[in-house]
Amino acid sequence: MLKKTLGLLASVAMLLGTSHVASAADMPVKALLSPAPVLTWTGFYLGAHVGAGWGTTESTLTGAAFPGLGAVAFSFPFSQNSRSGFLGGGQVGYNYQTGWVVLGVQGDFAGMDVKGTTPCLVILSCTTKSDWLATVSGRVGGVVAERALIYAKGGAAWMNSTHSVNLPAFAGVGGTTITSRESTAWGWLVGMGVEYMFTKNWTGFVEYNYIEFDKKNEAFAFATIPGLTINADLKNKLSIAKVGANYKF
């Protein structure tokens with residue numbers, strides 16, 4: 001009876017030991033078969049960008065008010081100013097992914113040094129300098145090769161610029177600004193870009209935007225001739241190429 005009991009206990013011990021060894025041998029296999037983390041574009045993000053901007057400012061004189069004579073209306077093309085320069089800023093947004101489609105909304109703000117000067121009225125020069133740009137846009141895109149997002153965007157934009165008329169330097173004497181006007185114009189934008197997900201949190205992108213601003217009428221006053229005001233329609237067009245990075249929360 002004792003021999004049978006000892007034999008039974010030995011069999012149970014061997015069985016338990018074999019089961020433990022088999023379970024330990026299965027662990028690396030199960031680890032190798034564990035699914036990789038799923039990458040998703042869904043979530044809020046915050047980032048920064050730098051880039052270049054170039055475009056034109058078209059000016060048309062639309063009337064004037066002369067001292068003692070009152071207002072006179074007319075239409076006269078004044079100048080077309082080509083501008084270029086650099087910009088840098090940040091963006092914040094949210095993406096939602098369903099299948100391979102990604103929908104999103106984004107807001108951008110950038111400081112700018114985009115400017116240009118052109119001759120106007122023979123001896124004068126006209127300068128336009130843009131200082132900041134803000135945009136709000138919607139995005140729609142598709143995921144390619146798991147980590148790349150190709151997208152298009154469209155929305156609204158606001159740009160702050162200073163327009164000035166200058167008497168250029170002559171015979172060693174520095175130039176003088178004879179009148180200037182600061183204004184903020186709004187317009188529409190369209191764009192496209194490619195964004196790549198390096199990790200589940202970090203992405204980088206390359207993007208192009210075309211922005212056309214609404215025509216805006218401004219009144220330029222001349223301090224040297226009290227009562228003289230000249231009105232002009234100003235229309236800005238701007239292209240932007242930029243690169244940047246985002247952190248997704």
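This is a predicted model: local features need pLDDT of at least 70, side-chain atom pairs count only at pLDDT 80 or more; totals for chains, interfaces and linings use all residues.
A residue is called buried under 20% relative accessible area, exposed over 50%, and partly exposed in between.

**Aromatic pairs**

The count of aromatic pairs comes to 7. One of them joins Y196 and F198: the ring centres are 5.1 Å apart and the planes meet at 70°, so this pair is edge-to-face, given that planes over 60 degrees apart count as such. Y247 and F249 also form an edge-to-face pair, with 5.3 Å from centre to centre and 80° between the planes. Y247 and F249 belong to one aromatic cluster together with W202.

How accessible are the residues of these two pairs? The table gives the values, along with the class of each residue.

| Residue | Relative accessibility | Class |
|---|---|---|
| Y196 | 37% | partly exposed |
| F198 | 53% | exposed |
| Y247 | 30% | partly exposed |
| F249 | 61% | exposed |

**A charge over a ring**

Another ring to look at is that of Y151: the charged end of R139 sits over it, 4.3 Å from the ring centre.

F76 lies in strand 2, and at 43% relative accessibility F76 counts as partly exposed.

Conventions: Residues are numbered from 1 along each chain as its sequence is written. Side-chain values use heavy atoms; hydrogens and water are left out. Rings of Phe, Tyr and Trp (its six-membered ring) pair if their centres lie within 6.5 Å; planes under 30 degrees apart count as stacked, over 60 as edge-to-face and the rest as tilted. Buried means under 20% relative accessible area, exposed over 50%, partly exposed in between (1.4 Å probe, protein chains only). A charge sits over a ring if NZ of Lys or CZ of Arg is within 6 Å of the ring centre and within 35 degrees of the ring normal. Helices (H or I, at least four residues) and strands (E, at least two) are DSSP runs, numbered from the N terminus.
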